[in-house]
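Dear colleague,

My findings follow directly after it.

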Number of protein chains: 2
Amino acid sequence: MASKEEVGKLEWRISVDNGTTERLVPKSGLSKRIFLWLKGLVMKMIVEGIAKFTRKAWRIGADDPAKVVHCLKVGLALSLVSIFYYMRPLYDGVGGNAMWAIMTVVVVFESNVGATFSKCVNRVVATILAGSLGIAVHWVASQSGKAEVLVIGSSVFLFAFAATYSRFVPSFKARFDYGAIIFILTFSLVSVGGYRVDKLVDLAQQRVSTIAIGTSICIIITVFFCPIWAGSQLHRLVERNLQKLADSLDGCVAEYFKVKEVSANQNEDEETIMKLQGFKCVLNSKGTEESMANLARWEPAHGSFNFRHPWKLYVKIGAAMRRCAYCLENLSICINYETEAPDQVKKHFEEACMKLSSASSKILRELADMMKNTRKSSKMDFLVFDMNSAVQELQETLKTVPIETNKPEEEVTSGEDNKGDGEDRAMSMSLHEVLPVTTLVSLLIENATRIQTTVEAVDELANLADFKQDSKKKTGDNNTKQPPPSS
Amino acid sequence: MASKEEVGKLEWRISVDNGTTERLVPKSGLSKRIFLWLKGLVMKMIVEGIAKFTRKAWRIGADDPAKVVHCLKVGLALSLVSIFYYMRPLYDGVGGNAMWAIMTVVVVFESNVGATFSKCVNRVVATILAGSLGIAVHWVASQSGKAEVLVIGSSVFLFAFAATYSRFVPSFKARFDYGAIIFILTFSLVSVGGYRVDKLVDLAQQRVSTIAIGTSICIIITVFFCPIWAGSQLHRLVERNLQKLADSLDGCVAEYFKVKEVSANQNEDEETIMKLQGFKCVLNSKGTEESMANLARWEPAHGSFNFRHPWKLYVKIGAAMRRCAYCLENLSICINYETEAPDQVKKHFEEACMKLSSASSKILRELADMMKNTRKSSKMDFLVFDMNSAVQELQETLKTVPIETNKPEEEVTSGEDNKGDGEDRAMSMSLHEVLPVTTLVSLLIENATRIQTTVEAVDELANLADFKQDSKKKTGDNNTKQPPPSS
């Protein structure tokens with residue numbers, strides 16, 4: 001049979017192909033083939049889609065297990081609150097309004113304690129406030145006879161207007177944005193709803209109690225089951241960012257002085273590039289820092305943070321770090337500059353630049369370590385002193401740089417105090433050629449100033465938050481050989 | 001009477017003070033005085049508080065009348081939707097579930113069309129999806145006899161887990177975050193609530209119809225009453241930021257070359273400082289740009305933006321502008337540098353720097369103008385050519401700078417082609433002294449490169465969004481005296 005040969009490789013075709021009606025069999029075979037092909041395609045797509053999604057989801061979960069924990073907690077809270085539906089006495093106890101408890105859990109449960117607290121407080125306070133106001137308006141309206149609808153309508157309009165307007169006031173919005181929405185919602189429901197409901201006070205009371213049940217479940221679960229604190233997250237974020245700044249700084253300066261010598265080495269590790277780009281995280285974390293600092297204020301004392309922990313200072317530290325990051329961003333100018341500085345000039349500056357950058361990054365790492373262990377630093381003064389002397393050294397190097405203008409082959413014997421080796425002495429270049437180096441130098445010096453601002457901000461935090469004293473005393477550390485006369 | 005003299009100035013004391021029981025009168029007088037004083041204090045505080053709040057609120061409204069319009073629209077939408085309560089037939093029509101319409105309006109109505117659309121679509125789709133799924137689960141559960149609670153509970157747990165997890169996927173979160181919440185909410189309410197409600201399908205249907213009523217009211221009001229488009233806001237934001245960058249650039253360079261000459265002039269206008277700091281708005285607008293671009297995609301065609309307007313490009317333009325802003329941020333290094341460059345050096349560079357900065361800011365202003373009038377630019381090529389030649393000129397100036405190292409009093413006759421006047425020729429300074437100038441130069445040159453990236457991004461937008469052709473033809477403009485050979 002011809003048709004057998006055509007599709008002989010398919011198992012199902014061979015077993016089917018011994019029927020009597022020859023025209024029907026191939027037809028059914030074709031449609032079956034199409035069907036099976038489509039089925040296979042769809043199954044393949046579904047399987048692939050699921051596999052892809054699972055991989056993606058798995059990566060997100062593996063990167064940050066706290067997210068998985070949060071999802072489990074949401075499920076748990078919802079299961080708990082559903083008990084009010086399943087158990088008759090509980091259901092009747094809240095007059096069939098158990099729905100509001102579920103709704104509260106869904107909209108109030110956030111991934112960190114601060115956000116959940118803030119939403120709970122907002123929801124409860126706004127509900128009570130708007131509920132009582134709504135009942136009052138409803139009473140006034142019911143006394144006013146025919147004008148009832150008018151009174152209710154205009155009060156809804158006015159309060160909705162006022163509450164929406166208040167959401168545009170930044171200081172109000174930062175803390176009570178959710179409350180304003182709930183206020184409008186509850187006020188409208190109570191005052192307008194009161195037009196059709198008889199036992200308004202009962203209704204309002206049940207609603208408040210169900211919301212209270214919902215918020216209590218949220219707060220208990222969010223605080224007692226693997227709590228995720230906005231404050232700790234903010235603290236770690238700042239710590240990580242300090243680390244990243246240090247890595248970036250080291251990386252950029254090393255890149256400038258190294259890569260062009262070994263320019264063949266193009267396929268660098270991804271990790272190195274990631275480290276180089278670390279400052280970008282600092283550039284982009286302004287919004288996160290501010291919202292976290294806002295949320296952290298709602299949180300009770302936890303870990304090493306007490307209730308009045310100065311969260312606002314984290315925003316200040318973040319701002320200071322961002323200013324450092326701006327400097328690092330512009331270091332790319334030097335790295336990508338079209339005209340390379342002559343090797344001799346580079347060599348002349350290399351030591352001083354590397355020294356300054358390593359002194360700077362040491363400070364950043366010490367700051368990160370301070371944050372990590374919430375301790376004061378005993379050697380910070382030494383490190384800052386080191387950095388400042390590195391700045392001075394770099395400035396000295398600048399003053400003694402053996403540069404001439406466009407008069408080639410002229411010997412310049414500058415009084416160099418920078419361990420200059422012989423080949424440094426005879427150079428000829430224009431300012432144009434040294435531009436990248438001078439830019440690097442000037443950015444590094446500015447960066448040092450900005451790091452000092454960061455140090456001050458972290459010190460302020462350490463003092464206000466009562467970080468513990470450093471256990472290591474000022475013993476001979478590798479980095480602090482000489483004591484600072486004054487830093 | 002002594003007591004009369006003590007408080008004789010108070011009217012109320014005099015009229016009271018002729019009673020027979022002398023001891024009681026002063027007592028009542030004292031408590032009254034305290035009461036009146038407290039009353040006065042509270043009244044004063046209230047009046048002052050109201051006055052202060054009114055002033056603040058007025059300023060917010062005066063600065064951006066769109067906000068007042070939004071508040072009025074919220075009031076209007078709520079008043080409209082309350083009609084469902086006031087009118088018996090309408091109320092009965094939705095089976096007393098009019099509450100959901102009010103709730104929808106309150107939580108869905110946002111200040112711009114895109115956000116409202118996005119929330120409406122999310123709410124409707126998620127409600128329908130979760131509602132049908134909930135009914136299905138409820139049916140399965142009701143078939144499973146004693147395991148009903150178990151089936152419902154575990155499905156709520158699973159779906160809540162999955163939906164919460166999906167909120168952590170960034171691409172999903174950007175568009176469907178609200179939908180995920182509504183999905184969890186509706187699914188829980190329907191599947192769990194079904195345990196106690198008999199006519200579940202009726203309930204679900206009524207709920208969907210009330211939500212549909214609420215969303216339609218929101219959409220009608222948000223689109224037809226003074227619509228506030230996220231897209232237009234984003235467009236204007238980018239345009240304003242381009243303008244601010246141009247002002248800042250001009251301001252910073254002028255500041256560097258001027259202020260130190262006229263250093264007595266400390267009390268500069270606030271406006272000038274505001275202009276100088278304009279780049280900070282660009283630095284901080286990343287989050288706004290991204291969320292606006294996300295919302296603008298939901299909006300229908302409006303004004304000069306059609307449905308598939310490339311909103312994503314605004315984020316790209318914003319990123320390019322921010323890179324310019326990083327350069328400007330670091331210009332402050334030069335302005336605040338401790339060692340001033342000698343006047344002669346400054347003068348040497350002033351012309352070329354001013355030329356480059358004005359060429360750069362002209363491009364930024366032209367870009368702002370392109371955005372403003374949604375037109376292509378016919379003279380952009382000229383302007384970019386101008387800027388590039390200004391860069392080259394500045395580089396030439398660098399090459400010819402009359403600098404020597406620390407050998408004072410040596411005459412350097414550099415071949416300067418930069419209209420150098422006599423006094424430039426004899427200078428002596430170290431690289432240290434010219435550091436701020438070289439930094440300025442290098443930042444300006446880098447800034448020019450980054451502006452070119454911005455130009456490319458805006459050009460891409462102009463092409464993709466079919467900006468109209470420039471009406472002004474390439475006639476002799478002030479700025480474009482010579483045609484570019486190749487830019």
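**Aromatic pairs**

Over all chains, the structure, which is a predicted model, holds 19 aromatic pairs. One of these joins F159(B) and F187(B), whose ring centres are 4.7 Å apart; their planes stand at 55°, so the pair is classed as tilted. The two residues belong to separate helices of chain B: F159(B) is in helix α8 (residues 148-166) and F187(B) is in helix α9 (residues 170-193). The pair therefore ties together parts that are 28 residues apart in sequence.

**The interface of chain B and chain A**

With regard to the contact between the chains, 91 residues of chain B meet 92 residues of chain A. The area buried between chain B and chain A comes to about 8000 Å², and carbon and sulfur atoms account for 69% of that area.

As to specific interactions, four salt bridges are found across the interface of chain B and chain A. Among them is the one between E329(B) and R450(A), in which the closest N and O atoms are 2.9 Å apart.

Which helix gives the largest share of the side of chain B that touches chain A? That share comes from helix α4 (residues 65-86) of chain B, with 13 residues. Sorted by class, the side of chain B that touches chain A consists of 50 nonpolar, 25 polar and 16 charged residues.

**Relation of the two copies**

With kind regards

Conventions. Residues numbered from 1 in each chain as written. Chains lettered and ligands numbered in written order. Predicted model: local features only at pLDDT ≥ 70, side-chain atom pairs only at ≥ 80, totals over all residues. Heavy atoms only, no water. Contact = heavy atoms within 4.5 Å. Buried area = accessible area lost by both parts, 1.4 Å probe. Salt bridge = Lys/Arg side-chain N within 4 Å of Asp/Glu carboxyl O. Helix = DSSP H or I, 4+ residues; strand = E, 2+ residues; numbered from the N terminus. Nonpolar A, V, L, I, M, F, W, Y, C, P; charged D, E, K, R; others polar. Phe/Tyr/Trp six-rings, centres within 6.5 Å; stacked < 30°, edge-to-face > 60°.
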